[in-house]
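The following exercises treat the architecture of one protein chain.

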Amino acid sequence: MVRPSQLLYPQREPAPTCPAATVLLLRDSPQGIEVLMTRRSMTASFAPGAYVFPGGGIDAADSAAHAQSTRRASQSDLHLTQAIAAIRESFEELGVLLARHADGSYASTADIAALDRKAPFAAQCRDKGLVLAGDQVFVLAHWITDRDLPRRFDVPFLVARMPDGQEPVADESEQFEPCWVRPADALARHEAGGFFIIFPTIRTLQRLQPFATVDAVLQACAANEQPLWTSCPRAGFLEGAEARYMEHEAPYGELALTSPDGQMVHALDWQTAQPVGLLKNVMRLTAPNPGVMTGPGTNSYLVGDPNTGYIAIDPGPADRDHLQRLWRAAGGDIRMIVCTHSHADHSPGAKPLQALCSEPPPILGLPSASTARAASQFTPDRSLSNQELLSLTSRGLEPEMTHTLKVIHTPGHAANHLCLVLVEDGILFSGDHILNGSTTVVDPPDGNMNAYLDSLDNLSAACDDHAIHFIAPAHGYVIGEAKTAIAHLKAHRLKREAKIVGVMQAQPDGSMDDWVKLAYDDVDPRIWPVAKRSLLAHVERIQAQGMFNV
């Protein structure tokens, strides 16, 4: 775990969450699914004027009303309470009632008109002989309000089919202007500026778009009683504006690193003019070499502080301005230069950076293997040993401060690839072995897929040994949930390999060009020439394991 002393910003406990529930009432139309939305009061304390799904807080009466509701055998007490709360709120706010008579027919408009929206809900339904249809309400998603907001809720987003014969009528105090809208149309109207919706609503509508019918949504939710996704978003700044992200989105891990308690403080813009502080002892400076293979550019990192000096990781290409900025960010006090591997966007800057320093630091790494391409030749001043420790320690300070990098040999992307663990703070500097937003190329003969997968296993073990929670890649934002990310990456590689085996079996006489079009049909064709190198690495592994012979 990151040492609290190394966090850039003062932390504070996020506001506690309040239990609530909201429900997406759905209906089929000739143009696709429509969802019922309504505008919140302009004086509401939370999201005033936003178009939302009906819902609100859960109260004690909701959990006390289980006997008045139907339920599925697999429906937990918590989920039933949430369903009852959503049924109550949709009635109080929009006059929609998910309740049935003894004969199974839904409540009619006459039944609803006979009820008082402000009186105790369950008791009224019982007196009218109505049974709540909790079994028809399913969990779609689970949202927890962002940590930076002063009012926070823990909210299941539920789904149910709109009862036939009922029409929504807003209460005109909390909710106004109920409307049926297709998810795509709601999103388009929001983009045009005429239909304000907040982040969880946007993301939920986006997730609804692929479903063709209400039945398809309900069947997906009924597959098990778990939400299709769970999210507590994080926020930062992009181009000066507030930007929010879910757990699967690229900036999420970096926001978790820079502000674990969720304050909106970190800027996410990619720029090369100055370093970006990630922790007090970690800075990132991105080289001005953006492209298809490098993304926003190659990340150089500085580990250390003014009292310990710095270790520079991956100085990048031999770009004079980039190296000058890296040197200045370290105050000229670079004690070591480490290259994760010898590729042209990582190691060529090492010697020019060394030359800038008044006391030239050693260039460390592994020499390029005989299999390396001509542009990837590299010879360090000293070769690093697997599991070796590189330490920086402050002098004359109490308490003493130490920053230690542990070397882990990780061949696969390149024969001389290594990763570094910042031991005291649980951060893995992954070079090109693990990237954010794409998978690395494994290019034989210097690249080897067996070695790559074995190295992933070694890094997963290191996550346990050193409590690694974050990965700082050579391309892209910091990645969170390190061990999970590694597991997903390995699963992705093996899934791709299984697809390749199928393609090879279907076209045993096919060429690499034939196979790449089918095995990577989900990738932009412009990437196929590069993907073909990783395809070759998979083919070599497949043939070596006897899964396919030509």
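Angles between elements are classed as follows: under 35 degrees is roughly parallel, over 145 roughly antiparallel, 65 to 115 roughly perpendicular, and the rest oblique. The model is a predicted one, in which local features require pLDDT of at least 70 and side-chain atom pairs pLDDT 80 or more, while totals for chains, interfaces and linings use all residues. Residues are numbered from 1 along each chain as its sequence is written, and side-chain values use heavy atoms, with hydrogens and water left out.

**Exercise 1. Helix pairs**

Task: Determine how α13 and α14 are oriented to each other, and which residues make their contact.

Solution. Step 1: Helices are DSSP runs of H or I with at least four residues, strands are runs of E with at least two, and both are numbered from the N terminus. Axes are lines fitted to C-alpha atoms, for helices over the stretch in contact, and angles run from 0 to 180 degrees between N-to-C directions.

Step 1: Helix α13 (residues 512–519) packs against α14 at about 100°, the axes being 9 Å apart. The two helices are therefore roughly perpendicular to each other.

Step 2: Contact means heavy atoms within 4.5 Å. On the α13 side the contact is made by M512, D513, W515, V516 and K517, and on the α14 side by W528, A531, K532, L535, L536 and V539.

Step 3: Ala, Val, Leu, Ile, Met, Phe, Trp, Tyr, Cys and Pro count as nonpolar, Asp, Glu, Lys and Arg as charged, and the others, Gly among them, as polar. The contact of α13 with α14 accordingly divides into eight nonpolar, no polar and three charged residues.

Task: Classify the packing of α5 and α6 by angle.

Solution. Step 1: Helix α5 (residues 183–191) and helix α6 (residues 199–208) pack at about 140°, with axes 8 Å apart. This angle makes α5 oblique to α6.

Step 1: P183, A186, L187 and H190 of α5 meet I202, L205, Q206 and L208 of α6. These contact residues comprise six nonpolar, two polar and no charged.

**Exercise 2. The nonpolar cores**

Task: Identify the residues of the largest nonpolar core that touch the most other members, and the elements that give two or more residues to this core.

Solution. Step 1: A nonpolar core is a set of buried Ala, Val, Leu, Ile, Met, Phe, Trp, Tyr and Cys residues joined through side-chain atoms within 4.5 Å. Buried means under 20% relative accessible area, exposed over 50%, and partly exposed in between (1.4 Å probe, protein chains only).

Step 1: The largest core has 33 residues, of which L25 and L97 touch the most other members. Two or more residues come from each of β1 (17–29), α2 (77–94), α4 (121–127) and β8 (152–161). The largest share, eight residues, is that of α2.

Step 2: A second, separate core has 32 residues, including L24, M37, C179 and W229.

Step 3: Beyond four places in sequence, the contacts of L97 include I87, F91, Y106, F121 and P163.

**Exercise 3. Single residues**

Task: State whether H538 and L238 are buried or partly exposed, and what each touches.

Solution. Step 1: H538 belongs to helix α14 (residues 528–544). Its relative accessibility is 0%, so H538 counts as buried. Apart from neighbours within four places in sequence, H538 is in contact with M449, R493, R496, E497, I500 and Y520.

Step 1: L238 lies in strand β11 (residues 234–238). With 32% relative accessibility, L238 counts as partly exposed. Leaving out residues up to four places away, L238 touches A243, Y245, L268 and D269.

**Exercise 4. Backbone geometry**

Task: Locate the cis peptide bond between P444 and P445 and describe the setting of E172 and E177, which have positive phi.

Solution. Step 1: Most residues other than glycine have a negative phi, and most peptide bonds are trans.

Step 1: The bond from P444 to P445 is cis, with omega near 5°. P445 is in the loop between β23 (427–431) and α11 (449–466).

Step 2: E172 has a phi of about 60° and sits in the loop between β8 and β9 (175–181). At 53% relative accessibility, E172 counts as exposed.

Step 3: E177 has a phi of about 55° and is found in strand β9. Its relative accessible area of 41% makes E177 partly exposed.
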